[in-house]
Amino acid sequence: MKLLVINGPNLNMLGLREPELYGKNDYAALCELIKKACEGIEYEIYQSNHEGDIVDKIQQSYGKVDAIVINPAAYTHTSVAILDALKAVSIPTVEVHLTDISQREEFRKHSFVSLYAEKTIAGHGFDGYREAIEYLKEKYN
Ligand code: DQA
């Protein structure tokens with residue numbers, strides 16, 4: 001099984017970025033957690049601050065990746081393009097958010113990616129990634 005973990009804009013700034021919301025652990029620590037959770041399967045972690053690059057990455061995954069974990073970050077709330085790319089490749093996907101987007105500003109309450117993702121995990125911090133990976137391993141490995 002090959003799993004792709006996609007992280008959207010500003011997630012590379014974890015640790016520095018609004019620590020009261022996102023915690024004090026940095027992006028390298030998140031990658032370490034993902035690596036441990038992916039024990040026994042093939043995986044790739046991809047981070048980009050650019051919507052089109054994320055669309056390209058999803059398109060390139062067609063036929064190569066069995067499941068996707070995605071935190072589209074700010075693009076969650078704006079990107080029809082990322083939603084359409086996921087629909088195009090039809091790869092099983094779990095959406096993850098560090099914070100509970102349903103309890104934040106109004107503009108964060110809507111997620112385009114949720115219209116495709118088979119599961120959304122929000123508000124569990126870094127652990128949400130572990131839960132998403134375990135769910136996909138259990139179902140598709
Ligand atoms: C986020 C929530 C988004 O609203 C925000 O733009 C992010 C991170 C989260 O993980 O909680 O960048 O996706």
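## A β-α-β unit around strand S3

Strand S3, helix H4 (residues 80-89) and strand S4 make a right-handed β-α-β unit, right-handed meaning that, with the strands pointing away from the viewer, the path from the first strand over the helix to the second runs clockwise. Helices (H or I, at least four residues) and strands (E, at least two) are DSSP runs, numbered from the N terminus. This is a predicted model, in which local features need pLDDT of at least 70 and side-chain atom pairs count only at pLDDT 80 or more, while totals for chains, interfaces and linings use all residues. Residues are numbered from 1 along each chain as its sequence is written, and side-chain values use heavy atoms, with hydrogens and water left out.

S3 runs parallel to strand S1 (residues 2-7), to which five bridges join it, and Ile-70 of S3 is the bridge partner of Ile-6. S3 also pairs in the parallel sense with S4 (residues 93-97) over three bridges, where Thr-93 is the partner of Ile-68; pairing requires at least two DSSP bridges between two strands.

Ala-67, Val-69 and Asn-71 on one side of S3, and Ile-68 and Ile-70 on the other, are all buried, that is, under 20% relative accessible area with a 1.4 Å probe, protein chains only.

## The ligand site

Ligand oxygen atoms lie 2.7 Å from a side-chain N or O atom of His-77 and 2.9 Å from one of Arg-108.

How values were computed: Buried < 20%, exposed > 50% of the residue type's maximum accessible area, 1.4 Å probe, protein only. Polar contact = N/O pair within 3.5 Å; in protein donor to acceptor, adjacent residues only side chain to side chain.
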